[in-house]
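Open the model in your viewer and keep the selection tool at hand. We will go stop by stop.

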Amino acid sequence: MVITARALNRSTLHRQLLLERAPLGVTEAVRRVVCLQAQHPGSPYVALWNRVAGFDPARLDGAVSGFELVRSTLMRLTLHLVHAEDYRAFREGMEPTLRGSRLHDPRFTKAGFTAADADALLPGLLEYAGSARTGAELRGHIEEGRGGPVEAVVWRMVRQYAPLWHVPTGPPWSFGTAQSFVTAGELPALRDPEASAAGLAVLIRRYLEGFGPASVPDMAQFTTAPRGLVREAVASLEGGLDRLEGADGTVLYDVPGAVRPDEDVSAPPRLLAMWDSVLLAYADRSRVIPPAYRKQVIRVNGDTLPTLLVDGYVAGVWRPVDGGIEASAFHPLTAADWEGLAAEAASLGALLAARDPRVYGRYDHWWAKGIPAAETRVLPC
């Protein structure tokens, strides 16, 4: 079966709850979309506002404080918010990638640490973090065990590798600038190839449920797992997967029975969060981002700006400013497009006003460097 590029776009939007806000609780919604990127503390709130009908940010506060949803370093070596029941399999699937990238990083070894050193200190560190500890306390614990100071890079690599959950330290969002950690509620197996292979297979299948159909390169991009391991995971699942063909002949996989909307289904306007998952979950990002706009959205250091989604595709960027949401369109939009974006801006403004009206203000320097907009409007909140 051949599936068109536009049909792939609609499939992504449907599974990511972006064709229509869903009447779901926050924990179920996160599970449906697999994960939420969470480097910026406000982004999971904006992401769920885009996806959940009647989204109440207090519900997300509660789910995080109760560790129903947990924040940890996972896919693409970045912070994600995932359902606590998904964490163990996801972390086991990411084990080879996290171990290789963190414990064999030249900066880590240059500081006098080896993977064996990390393995030796990890049991004591996890025991110490059985109750919430600040980052300073955990770094101090490492230093005490080593009998002297350790460089900041050592603590950074260890905390990103260790199965630790972030503890809420907000407001205005659940997580603030201060950092606190606790050992994961159910410890994943570490350095266990069989557990890692099984975990990656679970992660790949869940990825297809939330982002499919997708290719092996897409899966590798989403996870940052080596393509060889991804191919092995797909092979272990292949008897239970549908095989499709993209318009360019690319082999795509999907879960049987998954909904694939018709390419003509309408897509409402959305104001996507910074680092929204749909912008980063594919090797072929043209599924959502027109190639001409990619460099304007995904900057050289990895910052992925908050975007305007029009007819299912990125059409510009937005930021909060005094008086509303400044929307910069990369190409001319229709009056109906602007009307839809204005309604979204008014709703988003109400969410931000109660928390942080300038949620992404620290990234204004990208706008100072210039946005190639065909038109910019401030949409009142």
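Which residue stands opposite Leu81 in β4? Select Arg71: that is the residue facing Leu81. Keep in mind that this is a predicted model.

**Stop 1: strand β4.** Select residues 79–83. Five of the five residues in β4 are buried, that is, under 20% relative accessible area, so the strand is largely enclosed by the rest of the structure.

**Stop 2: the partners of β4.** Pick Gln37 and look across to its bridge partner in β4, His80.

**Stop 3: the turn.** β3 and β4 form a hairpin, with five residues between them. Click Arg76 in that turn: its phi is positive, about 55 degrees.

**Stop 4: the largest pocket.** Select Gln39, His40, Arg71, Leu79 and Gln179. Of the 28 lining residues, these lie nearest the pocket centre. β3, α9 (152–161) and β6 (164–166) each give two or more residues to the lining. The largest share, three residues, comes from β3. The volume is about 660 Å³. Colour the lining by class: 12 residues are nonpolar, 11 polar and five charged.

**Stop 5: the second largest pocket.** Select Leu8, Asp248, Thr250, Asp284 and Ser286, the residues nearest its centre. The lining has 13 residues, and the volume is about 260 Å³. By class, five lining residues are nonpolar, four polar and four charged.

Technical notes: Residues are numbered from 1 along each chain as its sequence is written. This is a predicted model: local features need pLDDT of at least 70, side-chain atom pairs count only at pLDDT 80 or more; totals for chains, interfaces and linings use all residues. Side-chain values use heavy atoms; hydrogens and water are left out. Buried means under 20% relative accessible area, exposed over 50%, partly exposed in between (1.4 Å probe, protein chains only). Helices (H or I, at least four residues) and strands (E, at least two) are DSSP runs, numbered from the N terminus. Two strands pair if DSSP finds at least two bridges between them. On a 1 Å grid over the protein atoms alone, a cavity is a set of points where a 1.4 Å probe fits but cannot get out, and a pocket is an open set with protein on both sides within 12 Å along at least five of seven lines; lining residues have an atom within 4 Å of a point. Grid points are joined across faces, edges and corners, and a volume is the space filled by probe spheres set on the points. Ala, Val, Leu, Ile, Met, Phe, Trp, Tyr, Cys and Pro count as nonpolar, Asp, Glu, Lys and Arg as charged, and the others, Gly among them, as polar.
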